[in-house]
Structures are given as structure tokens and as C-alpha cells.
Amino acid sequence: MSDTGSEYILTISCPDTVGIVFAVAGFLAERSCNIIDSAQFGDRTSGLFFLRIHFAAAPSGPSQAEIEAAFADQVAQRFSMTWKLHDAGRRQRVLIMVSKFGHCLNDLLYRYHNGYLPIEIPAIVSNHRDFYQLAAWHNIPFHYLPVSGESKAQQEAKLLEIAEEEKIDLVVLARYMQVLSPALCERMAGRVINIHHSFLPSFKGAKPYHQAFARGVKLIGATAHYVTSNLDEGPIIEQEAERVDHTMTPDDLVAIGRDIENVVLARAVRYHIEHRVLLNGSKTVVFK
């Protein structure tokens, strides 16, 4: 909420053509809405246009529902838009999943605790018990959901039950070392973010940093992406890399890699909750 009224973020993707920005800006001006910031991109490859506008409505202006109804009728239909109007003041509800590596979980909780990530975390889910005390310190309910080949369907059903009960907007896999089923990926498309090292597909399986050390890699990094049924191939949100050299041990590479994973995942979560990420087929447009 601002001194001028409620604030909203409007995200749009549609076929690129003349007059889109003019129509959207005119629509907002007619309702005494003040644009705070705006970003746009026309993709010449896909022929799609992407727009993110952060604006403030006048205190006596229309409600969110009234804006949505009028925009759908007067602008969105005309330009065949895929769009959504977000309440900028609403904190998204994020469920974090983790296994036995806690660096990303700890980093997210620290950023949440100090206000860097303006979110709500109503639940932490894990297939191990390792981090129940960390969750308790932050006063966040911890759900232990063990999983095996035979119990995977029941475990995911319980996960969905928690997500529904807690009205979860986003699921973050903070080094959750289990593959989600295609059915779950489909049901939560665009609402699950994963983090992994950037060695894929070269160094799969256990101890990837040790494999990288054995090959003498000179660059390591991390990738945050939306989860799809194609393992580790979802639309990329954020990446980072750092140079390494022959003087470093496998443990050095692990430490550097985990630091990068922390930063990349936190950035990806922040971009998502601020509605800066728009899907563009198998890619993303990220308005930073």
C-alpha cells in the first residue's frame, strides 16, 4: 500500500503488434493510475511481446476486481493477451523442500528472517529429519515426508494436501534430492523452482564437484529453473558462474559451488515473487 492507494503489478505476454503499450498506458491513465516502473521486450524470434508494469491506483479509484474486468474487456481481448494483475502488497506463500544439504534452506531462511525476501513460509517439507530444529528456530512447521519407490505417490499426495491447506503460491526445491512425478510437475507448472549445479548433463549422480575436479574444470556455477517433467531442463530463471583453478581441492569447489547456489536460488525466488519472470516457450523473459 502506498500514499496514493493500492499498488499492482500487471504482467502481459501477447503477439507483438503496434499499439500495445499505448493501449495499456491509456487504460491506466483513464483510471488515474500512476505508473511507477515499466519494462517491455519484443521477441523477434517468437513474435511475442512481454510487458511488466508496476502502478499505483488512486485511493478513490477502482478496485482490483473492477480493473481486471475492465482490462479483460477493453484491452486484453483486443490483443489476445495472456495476462495477470498482481497485488504488489501481498506476500506470496512459499513452501520449501529440502533433503540433506541445508545451505540453500539456511540462506533462504536468513533472507526471509531479515526481510530481504518479503514472503511467508508456512511450511518446510523434507524426506529427512535433519533440519527440523532449524525450522523450529524460525517457528516454521516442519513436515517429515519420507519417500521410497513404493510410497512416492502417497508422499506426493500428502505434499499436495499441505500445499492446498497452506494456500501455497510457490514451491522451492532447496536441494531437494528427489525427482517429482510428471503428474505433479504438470499440476504445479510454473510454480516450482529448482536449483542445481551447472555441470549437467556432464557430471550426473553423486559427488559432481569431485567429478569436475577429476576433469580439471575451470568454471563452476549454478542454475535455477522452473521444474518440468523433463528433468533439469525447465525454463531457466537465473544462472551464475565463477572461475576455479588447479590449486583448488574438491572441497574448495564444493564450498564455492554451494555459495553460488545460495545466491542464484535467492535471486530466482525474488524475481518470481516480484512477478519479473514471464514464460517464453522453453525460455523465460526476466525483467530485472
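This is a predicted model: local features need pLDDT of at least 70, side-chain atom pairs count only at pLDDT 80 or more; totals for chains, interfaces and linings use all residues.
## Overall form

The secondary structure of the chain consists of 8 helices and 13 strands. Along the principal axes, the C-alpha atoms occupy a box of roughly 60 × 40 × 35 Å. A compact globule of 288 residues would have a radius of gyration near 19 Å, and the 21 Å of this chain agrees with that expectation.

Of the 288 residues, 47% count as buried. Among the contacts in the chain with a separation of 6 or more, 67% are made by residues 24 or more positions apart.

## Surface and charge

The chain exposes about 14,800 Å², and carbon and sulfur atoms supply 50% of this area.

## The nonpolar cores

The largest nonpolar core has 42 residues, and within it Leu108 and Leu265 have the most contacts. Helix 8, which spans residues 250-273, contributes the largest share of this core, with 11 residues. Another core, of 23 residues, lies apart from the largest one; Leu10, Ile20, Leu28 and Cys33 are among its members.

Leu265 touches Cys104, Leu108, Val172, Ala174, Ile193 and Ile195, when residues up to four places away in sequence are not counted. Two of these partners, Cys104 and Leu108, are also listed among the buried residues of helix 3.

Helix 3 covers residues 103-113, and its buried residues are His103, Cys104, Leu105, Asp107, Leu108, Leu109 and Arg111. In an α-helix there are 3.6 residues a turn, so residues three or four places apart point the same way.

The buried residues of helix 3 pack against both helices and strands. The helices are helix 4 (132-137) and helix 8. The strands are strand 5 (93-98), strand 6 (120-126), strand 8 and strand 9 (192-197). After helix 3 comes Gly115, whose phi is positive, near 90 degrees.

## Positive phi outside glycine

Ser32 is not a glycine, yet its phi is positive, about 60 degrees. Ser32 belongs to the loop between helix 1 (20-30) and strand 2 (34-43). Its relative accessibility is 53%, and Ser32 therefore counts as exposed.

Arg175, also a residue other than glycine, has a positive phi near 65 degrees. The loop that holds Arg175 runs between strand 8 (170-173) and helix 6 (182-187). Arg175 counts as buried because its relative accessibility is 12%, whereas Ser32 counts as exposed.

## His54 in strand 3

His54 is part of strand 3, which comprises residues 48-56. With a relative accessible area of 14%, His54 is buried. Leaving aside residues up to four places away in sequence, His54 touches Glu7, Tyr8, Ile9, Asn34, Ile35, Ile36, Asp37 and Ala88.

His54 and Trp137 are separated by 83 residues in sequence, and their C-alpha atoms are 35 Å apart in space.

Note on methods. Residues are numbered from 1 along each chain as its sequence is written. Side-chain values use heavy atoms; hydrogens and water are left out. A nonpolar core is a set of buried Ala, Val, Leu, Ile, Met, Phe, Trp, Tyr and Cys residues joined through side-chain atoms within 4.5 Å. Buried means under 20% relative accessible area, exposed over 50%, partly exposed in between (1.4 Å probe, protein chains only). Helices (H or I, at least four residues) and strands (E, at least two) are DSSP runs, numbered from the N terminus. Contact means heavy atoms within 4.5 Å. The radius of gyration is taken over C-alpha atoms; the globule rule is 2.2 Å times the number of residues to the power 0.38. Accessible areas come from the Shrake-Rupley method with a 1.4 Å probe; for residues, only the protein chains shown count as cover.
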